[in-house]
Amino acid sequence: MMYAIVSCPGCSKERVIDLSANTSVCPYCGRRSENGVLAVRFQHRDQNIVRDVFQGKEDVPLVKDGERPDPMDSLRYTLSHINDPERKMAVAAENLDRIKGEFTLEDIEYVLPGQGERYAEAMLESCLIHEVGYGRYRI
């Protein structure tokens, strides 16, 4: 599935549509449109990312068509939507290890802005990560 932000040809207001559907109805003016002819402003497979772009959130990892998103930006975005600290630590540790192999405090700080040192200490205490060299960590 692919989701997109488009402008309604009737009222010019932007809205989110499912591109796998043939048609869509504007929630503002009620006009039915063929999805294949609408001008797409942004599209992505993840509906939540499309919604966040639609709402103007600034921390969304934007990519152009055909490009792959930076995995560190994607991880940062994912972690910003996890509320449970223990789950956030586990997801951070697992993905940093997968993306970087050995990772640093700066990497943790990048994906958890303003909380890197605190989370690094908690991950060490919880034995989620261990120090493999000075300032370098792995799960």
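# A tour of the predicted model

Start by selecting Ser12, which sits in the loop between β1 (3–7) and β2. The model is a predicted one. Ser12 is not a glycine, yet its phi is positive, near 70°. With a relative accessible area of 56%, Ser12 is exposed, since exposed means over 50%.

**Arg15**

Move along to Arg15, in strand β2 (residues 14–18). Is Arg15 buried or exposed? Arg15 is buried, and it has no salt bridge. The nearest side chain of opposite charge belongs to Glu14, 10 Å away. A salt bridge here requires a nitrogen-to-oxygen separation within 4 Å. What the side chain of Arg15 does have is a polar contact of 3.0 Å with the side chain of Ser24.

Display the surroundings of Arg15. Leaving out residues up to four places away in sequence, Arg15 touches Ala4, Ile5, Val6 and Cys8, then Ser24, Val25, Cys26, Pro27 and Tyr28, and also Ser33, Leu38 and Phe54.

**The largest nonpolar core**

Next, select Leu79, Leu96, Ile108, Val111, Leu112, Met123 and Ile129. These belong to the largest nonpolar core, which has 18 residues, and they are the members that touch the most other members. Four helices each supply at least two residues of this core: α2 (71–80), α3 (85–100), α4 (105–111) and α5 (116–125). Which of the helices gives the most? That is α3, with 5 residues.

What is Ile129 in contact with, leaving aside neighbours within four places in sequence? The list runs through Ala93, Phe103, Ile108, Ala120, Met123, Leu124, Tyr137, Arg138 and Ile139. Keep Met123 and Arg138 in mind, as both come up again below.

**Helix α5**

Select α5 and colour Gly116, Tyr119, Ala120 and Met123, the buried residues of this helix. Look down the axis of α5: the buried residues fall within an arc of 105°, so they line one face of the helix. What covers them includes α3 and α4. Turn to the other side of α5, where Glu117, Arg118 and Glu125 are exposed.

After α5 comes Cys127, in the loop between α5 and β6 (130–133). Cys127 has a positive phi of about 60° although it is not a glycine. Is Cys127 buried or exposed? Its relative accessibility is 68%, so Cys127 counts as exposed.

**Salt bridges**

Side chains of opposite charge can pair when their charged atoms come close. How many salt bridges does a search of the whole structure find? The search finds 4.

Select Arg138 and Asp97. They form a salt bridge whose closest N and O atoms are 2.9 Å apart. Arg138 lies in strand β7 (residues 136–138) and Asp97 in helix α3, so the pair ties together parts that are 41 residues apart in sequence. Asp97 is buried, with a relative accessible area of 12%, whereas Arg138 is partly exposed at 31%. Arg138 is also one of the residues in contact with Ile129.

Then select Arg136 and Glu102. The closest N and O atoms of this salt bridge are 3.0 Å apart. The pair links distant parts of the chain: Arg136 is in strand β7, Glu102 is in the loop between α3 and α4, and 34 residues separate them. Arg136 is partly exposed, with a relative accessible area of 33%, and Glu102 is likewise partly exposed at 33%.

For the last stop, select Lys100 and Asp107. Their side chains meet in a salt bridge, with N to O at 3.6 Å.

Definitions and conventions:
Residues numbered from 1 in each chain as written. Predicted model: local features only at pLDDT ≥ 70, side-chain atom pairs only at ≥ 80, totals over all residues. Heavy atoms only, no water. Core = buried A, V, L, I, M, F, W, Y, C linked by side-chain atoms within 4.5 Å. Buried < 20%, exposed > 50% of the residue type's maximum accessible area, 1.4 Å probe, protein only. Contact = heavy atoms within 4.5 Å. Arc of directions from axis to C-beta. Lys, Arg positive; Asp, Glu negative; His and termini not counted. Polar contact = N/O pair within 3.5 Å; in protein donor to acceptor, adjacent residues only side chain to side chain.
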